[in-house]
Amino acid sequence: TVFTLTSMQGLSLGSCRLTSIPSSIARLIRLQSLDLSSNRLASIPSGVLGLISLQSLDLSNNRISSLPPQAFANMTMLTSVSLIFNPLPCYNSSWPLTILRLDPGLKPCGASSANAA
């Protein structure tokens, strides 16, 4: 399978109607660019969050509605992450906002409850 090619640096799986990604993607330890755009992913696969060499991650146009606060904490090489066109209700301030592409108007998590008080 493609996940045994540990020296691969780029992988495009955009528009493949994927609903999940095998955890074996974590074997692609040299992967620098991953395009998972325009699929049916409801969450970021755990194997993707372990790709510490990843520099570019495109998750745009999926069904991702939530992410853990520390989703990108171990991915220190990231320079670009696209999450546009996902049903995220808010963003977490611990995400690396300088490299994220989010939908315009998306508010920080907890902002609406603070204003309601």
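Me: What does the secondary structure of the protein chain come to?

Reply: The model is a predicted one. Its protein chain comes to 2 helices and 5 strands. From the N terminus on, these elements follow the order β-β-α-β-β-β-α.

Me: How do you know which strands stand at the edges of the sheet?

Reply: The sheet is open, with 5 strands in the order β1-β2-β3-β4-β5 and parallel pairing. β1 (10–12) and β5 (100–101) each have a single partner strand, so one side of each is left without a neighbour in the sheet.

Me: Why is isoleucine 44 called buried?

Reply: Buried means under 20% relative accessible area. Isoleucine 44 has a relative accessible area of 9%, so the term applies. This residue lies in the loop between β2 and α1 (46–49).

Me: Which residues is isoleucine 44 in contact with, leaving aside its neighbours within four places in sequence?

Reply: With those neighbours left aside, isoleucine 44 is in contact with Leu49, Leu59, Ile64, Leu67 and Phe72. As for distance to alanine 73, the C-alpha atoms of isoleucine 44 and alanine 73 are separated by 14 Å, the two residues being 29 apart along the chain.

Me: What makes up the largest nonpolar core, and which residues have the most contacts inside it?

Reply: The largest nonpolar core has 30 residues, and those with the most contacts inside it are Leu34, Leu57, Leu67, Phe72 and Leu83. Leucine 83, leaving aside neighbours within four places in sequence, is in contact with residues including Leu59, Ile64, Leu67, Phe72, Leu88 and Leu100. In soluble globular proteins, nonpolar side chains tend to be buried together.

Me: How do you know whether the radius of gyration agrees with that of a compact globule?

Reply: With 117 residues, a compact globule would have a radius of gyration near 13 Å; the protein chain has 15 Å, which agrees. Along the principal axes, the C-alpha atoms fill a box of roughly 55 × 30 × 20 Å.

Me: How much of the protein chain counts as buried?

Reply: Of its 117 residues, 37% count as buried. The accessible surface comes to about 6500 Å², with 52% belonging to carbon and sulfur atoms.

Notes:
Residues numbered from 1 in each chain as written. Predicted model: local features only at pLDDT ≥ 70, side-chain atom pairs only at ≥ 80, totals over all residues. Heavy atoms only, no water. Pairing = 2+ DSSP bridges. Helix = DSSP H or I, 4+ residues; strand = E, 2+ residues; numbered from the N terminus. Buried < 20%, exposed > 50% of the residue type's maximum accessible area, 1.4 Å probe, protein only. Contact = heavy atoms within 4.5 Å. Core = buried A, V, L, I, M, F, W, Y, C linked by side-chain atoms within 4.5 Å. Rg over C-alpha atoms; globule rule 2.2 N^0.38 Å. Areas by Shrake-Rupley, 256 points an atom, 1.4 Å probe, with all protein chains shown as cover.
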